[in-house]
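Dear colleague,

I am passing on a structure for you to look at, with some notes on what was found in it. Please open the sequence and the model side by side before you read on.

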Amino acid sequence: MRIADLYAANDGPVFSLEFFTPKSEAGRKALFRAIGRLKAIEPGFASITCGAAGTTRERTADLAIELQNELGITTMAHLVCTGTTQAELDETLRHMQANGIENILALRGDPPKGATDWAPVEGGFRHANELAAFIRERFSLGLGGACYPEKHHEAASLEADIEHLKLKVDAGVEFLITQLFFDNDKYWRFVEEIRAEGIAVPVVPGIMPVLSLTNLQRIASLSPGTSIPSELEDALRAAGDDDDASLAAGVRFAAKQCRELLANGAPGIHFYTLNRSKATLRTVAEL
Ligand code: FAD
């Protein structure tokens, strides 16, 4: 199933789930337990990140194939340009297409750990729009892309970032998933600005129910430029060391965010699950 068709069907909000490839057997078992529980929300699709500067590419592809073929969940594999040649990308794409994967999230990727600047490898791509064009030319696959309501941290301005985003959509990206955000106004302003620039594809809000104040601080350090509403920070601070109270505060905030987004016409919610089920399940239950 092409994910773009799910949004086009306009058949109610599409809930989707993002997972990362586990590093150990214990992590793998925990992931499958979490997915087993998350099936209750009838996800439209699951997506699998590509970590460590592209080095999980094959594991990402194999996990996506396994989830789709064995659990029957439409799956989208993230594919990054970081550290990867065109020939390697081509090989992975062929492997996925041959095994039934129909959707790819085309990304430039984060720099390798420890590096501050991003650089392409010899024979690789520099930007996600180049990867999207490559896939569109050679494969029959559904394509998503990333976007940043609060601007990608390397972009000189939001306007410049949106100009680049337009290149990505013009190259064949059919829907966009946002970086996580906590301020819905930023999402709506962004959607308005990109529509004014002629970008018409669905923009799916990426939401992460926060588990604790420490979790929020970590997110803030990993996602530079993300606005943190004082309402959320204060609620988590008030919960202190009480894990249940922290989770309840994070879920309450995420559920309020999702309710407002869906009530105002967002096409769905993409949950950053961190391979866990509880926060996402509770958030959806509160909608
Ligand atoms: P691009 O679209 O290439 O943009 C990167 C920067 O370059 C931006 O500042 C943009 O304005 C600029 N730019 C874009 N095109 C051009 C151009 N043609 N000319 C000049 N400038 C240009 N990272 C991972 O490593 N693995 C993952 O699995 C992963 N999953 C993600 C999922 C989502 C939903 C999101 C939002 C992000 C994800 N990321 C992931 C993070 C992402 O890889 C980083 O944010 C990365 O820095 C940018 O990737 P991009 O695809 O948005 O890049």
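Helices (H or I, at least four residues) and strands (E, at least two) are DSSP runs, numbered from the N terminus. The model is predicted, so local features need pLDDT of at least 70 and side-chain atom pairs count only at pLDDT 80 or more, while totals for chains, interfaces and linings use all residues. Residues are numbered from 1 along each chain as its sequence is written, and side-chain values use heavy atoms, with hydrogens and water left out.

Salt bridges

A salt bridge here is a side-chain nitrogen of Lys or Arg within 4 Å of a carboxyl oxygen of Asp or Glu, and by this rule the count comes to 10 salt bridges. For burial, a residue is called buried under 20% relative accessible area, exposed over 50%, and partly exposed in between (1.4 Å probe, protein chains only).

One of these bridges joins the side chains of Lys 166 and Asp 170, at 3.1 Å from N to O. Both residues belong to helix H6, where they are 4 residues apart, about one turn of the helix. Lys 166 is partly exposed, because its relative accessible area is 26%, whereas Asp 170, at 54%, is exposed.

Another salt bridge brings together the side chains of Arg 28 and Glu 66 (2.7 Å, N to O). This pair links distant parts of the chain, since Arg 28 is in helix H2 (residues 25–38) and Glu 66 in helix H3 (residues 57–71), 38 residues apart. Glu 66 has a relative accessible area of 19% and is therefore buried, while Arg 28, with 28%, is partly exposed.

A further bridge is formed by the side chains of Asp 90 and Arg 138, at 3.4 Å from N to O. It too links distant parts of the chain, with Asp 90 in helix H4 (residues 86–98) and Arg 138 in helix H5, 48 residues apart. Asp 90 counts as buried at 12% relative accessibility, and Arg 138 is partly exposed at 46%.

Aromatic rings

Rings of Phe, Tyr and Trp (its six-membered ring) pair if their centres lie within 6.5 Å, and planes under 30 degrees apart count as stacked, over 60 as edge-to-face and the rest as tilted. The count by this rule is 8 aromatic pairs. In the pair of Tyr 187 and Trp 188, the ring centres are 4.8 Å apart and the planes stand at 80°, so the pair is edge-to-face. Tyr 187 is buried, because its relative accessibility is 2%, but Trp 188, at 25%, is partly exposed.

The loop between H1 and E1

Asp 11 lies in the loop between helix H1 (3–9) and strand E1 (14–19), and with 70% relative accessibility it counts as exposed. Its C-alpha atom is separated by 9.6 Å from that of Pro 267, although the two residues are 256 residues apart along the chain. Asn 10 is also placed in the loop between H1 and E1, and is exposed at 68%. Asn 10 has a positive phi of about 55° although it is not a glycine.

Another positive phi

Lys 151 likewise has a positive phi, of about 80°, and is not a glycine. Its place is in the loop between strand E5 (142–147) and helix H6 (158–170), and at 25% relative accessibility Lys 151 is partly exposed.
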